[in-house]
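Subject: Structure handover

Dear colleague,

Here is the structure for your files. My notes on it follow below; please read them with the model open.

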Amino acid sequence: MMKVRGRLTLPTDVDMVEETLKLKERLDADALRDCDGTQMPSELLKTGAKIYATYYTTRKDNEWAKNNPEEVQQEYLITDRITATSWTLSIELMKGFHTQQLKVNTIDEPKRWWEVIDRTTGKVVPVENWFYDEATGEVIIKSIPYHQYTVSFLAFLIWDPVHMYNYLTNDWQGAEHQMTFDVRQPKTQAYVKEKLRSWCEENPDVDVVRFTTFFHQFTLTFDDQKREKYVEWFGYSASVSPYILEQFEHWAGYRFRPEYIVDQGYFNSTFRVPSKEFRDFIEFQQIEVSRLAKDLVDIVHAYGKEAMMFLGDHWIGTEPFGKYFDNIGLDAVVGSVGDGVTMRMISDIKGVNYTEGRLLPYFFPDVFTEGGDPIGEAQDNWMKARRAILRSPLDRIGYGGYLKLASEWPGFIEQIEKVVGEFRQIHEAMEGTSSYMAPFKVAILNCWGELRRWMCNQVHHAIWHREIYSYVGVIECLSGMPVEVQFISFDDVRNGIDPDIKVIINAGDAYTAWSGAENWTDEKVVTAIRRFVDQGGGFIGVGEPTACQYEGRYFQLSDVLGADREMGFSMSTDKYNELSPKYRDHFILEDIKGEIDFGEGKNRIYAQGANYEILDMDGEYSRLIVNSYGKGRSVYFTGLPYSPQNCRILLRAIYYAAHREEEMKKYYVTNVETEVAAFEKAGRVAVINNSKEDQMTDLYIHGSQKCSLDMKAMEMVWVEI
């Protein structure tokens, strides 16, 4: 094997020149980068390393923003619901918002771009029945007593949300708040293009322009106490302005309403089933953002530099898994790797020459502090990322933040050495080939499909929430499994299921975009999936799959799942559920010794029909059910958070549902804390220990035991086939 070198990007700063040079040599880094709040030292420009420069298209030029206040970026906000107690109601617009971040837009006509809604009736209040008092900052409404009202309005983003986040997180003092400006508007657009040309000329030593990112920040809104009020990594609420919305109206052929963005106060969270109007807006933004981003990329290329996009911050509208992303012409994408799912979110991107992952933890003082555990975080992060890299490898890895914090933390650089060494080892051993995948595809079915590839059930990527970890665990497990995963929408199902798909997974809470809501009342959808399973396909449901109360059923595919949920309507119908006598002998649970972790789970789940087996119960109700349906099979889980054991359970469930049990052990390890990835063309397999304890496991290849391995904690071992 040829020894792999480089593939590593390190952050630096003006007070870290000597340390950077030492670490560059020690870690064999081939690229150096600056970060927000840091500067690239001139002494490091001639080291032979590739130089990355963070480039901001929307901030770090307060003079321009102040001189062009009408072209500062804007966001749609909605007030709290206020109950009227008389025939007149006053609503203070900025109550609960941070006035250093946001400022009411009074430049553009409020009655054209704002909306007052009676939330008791759902009706829009006529514009003649309200007015804005700029002196008090209140909207005065002609109201109906004891009805609730909201005001949706435009506000200028006078403090860039990411700069504000970094400012507060790092306790920066005295630095000027960076304002934003809207590159989509003609005057600012011309200015930004010319500024980029000048910057390229003035920075001949920069090799890679790292756009952070392009034009529209994901929704990151702070409250009046400088706490995060609303965070939506997929949110489009800060991608609006009258200029943009007038263009949208011309493109879409209908009048825009603020409600299409604020969405009753949910701001079109990805958990909401997207409306036609919101889908139209995303489509329009993709077209326009990709066109303008290409102009900037072309400028960078004209100066012989590479253009890299950061998958974060102002990424809204780029949509890397949308149909317009390739048009931008980027050389690379870099993003934050918080686990296997976010790793795949980067490494699966097509249309670029290479992908790079910024491993965690970020070198910020919120982690590198007394009581913090940066080494533990780095280990947990790498174990999840590693198993996914073996299936869909990143081309490069790197780190961000203040190098000084990392270099002074005892043992942290040694941990980085281990990570970097294993990453290069993977590239050495795989020799440019792909790992073995099952001879069939697995599909994740939800309302978003491919547009939200590896983004299911997430609020802000890699951030834990009690309500979602039992679902995010499904795609986290899948991120490192030997199966090819497709993400399909209900429209895809209506148009015909790909014959290569053998198992469909539907996971999420009822009435969310991830479960599907009213899509399950569409006879085309339910009959297509019934036919798919009846003819030999597999269906796996987690949480509240196919859920929508309709025609006497909650799970609309209760016949396929062999399960439904008691909603209180069928209490008079007796249910005789019993654990299968041989549940521990079932194929899905053969490897499993301890209790199964169902996470938050769902209560009141009962098996029904004539062809089910209950493999786990919680009192009188069920948590794991398998069912036969025609020639096909289904598996139901109340929840499935990530753990090595649950990875094995899901892998077995997939092969069981696909009727391919005999093929699962082509490459196989006995200990559930370990996994195997086979690179057949390279003639070797990787066995990884996904725990922080020593493990013993037996490796099987083509059904025969190859060897027994005593593995150290977190170890990766390569075995020749």
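Contact, as used in these notes, means heavy atoms within 4.5 Å. This is a predicted model, in which local features need pLDDT of at least 70 and side-chain atom pairs count only at pLDDT 80 or more, while totals for chains, interfaces and linings use all residues. Residues are numbered from 1 along each chain as its sequence is written, and side-chain values use heavy atoms, with hydrogens and water left out.

The whole chain

There are 17 helices and 36 strands in the chain. Helices (H or I, at least four residues) and strands (E, at least two) are DSSP runs, numbered from the N terminus. A compact globule of 721 residues would have a radius of gyration near 27 Å, and the chain agrees with 27 Å. That radius is taken over C-alpha atoms, and the globule rule is 2.2 Å times the number of residues to the power 0.38. The C-alpha trace spans about 75 × 70 × 45 Å along its principal axes.

Of the 721 residues, 61% count as buried (under 20% relative accessible area; exposed is over 50%, partly exposed in between; 1.4 Å probe, protein chains only). Among contacts between residues at least 6 apart in sequence, 73% join residues at least 24 apart.

Residues in turn

W113 is in helix α3, residues 110-113. Its relative accessible area is 5%, so W113 is buried. Not counting residues up to four places away in sequence, W113 touches Y76, D108, L154, P242, L245, E246, E249 and P258. D34 is 79 residues from W113 along the chain, and their C-alpha atoms are separated by 40 Å.

Q217 sits in the loop between β13 (208-211) and β14 (219-222). With a relative accessible area of 1%, Q217 counts as buried. The side chains of Q217 and H314 are joined by a polar contact of 3.4 Å (a pair of N or O atoms within 3.5 Å; within protein, one must be able to donate a hydrogen and the other to accept it, and residues adjacent in sequence count only if both atoms are side-chain atoms). Leaving aside neighbours within four places in sequence, the contacts of Q217 include Q73, P161, D313 and H314.

The loop between β13 and β14 also holds T213. The peptide bond from T212 to T213 is cis, with omega near -20 degrees. A cis peptide bond also joins L360 and P361, where omega is about 10 degrees. P361 is in the loop between β18 and α10 (374-389).

G351 lies in the loop between α9 (340-347) and β18 (354-359). Its relative accessible area is 40%, so G351 is partly exposed. Apart from residues up to four places away in sequence, G351 touches D326 and L330.

D28 is in the loop between α1 (17-27) and β2 (31-33), and is partly exposed with a relative accessible area of 23%. Y146 is in the loop between β11 (138-142) and β12 (148-157), and is exposed with a relative accessible area of 61%.

Regards
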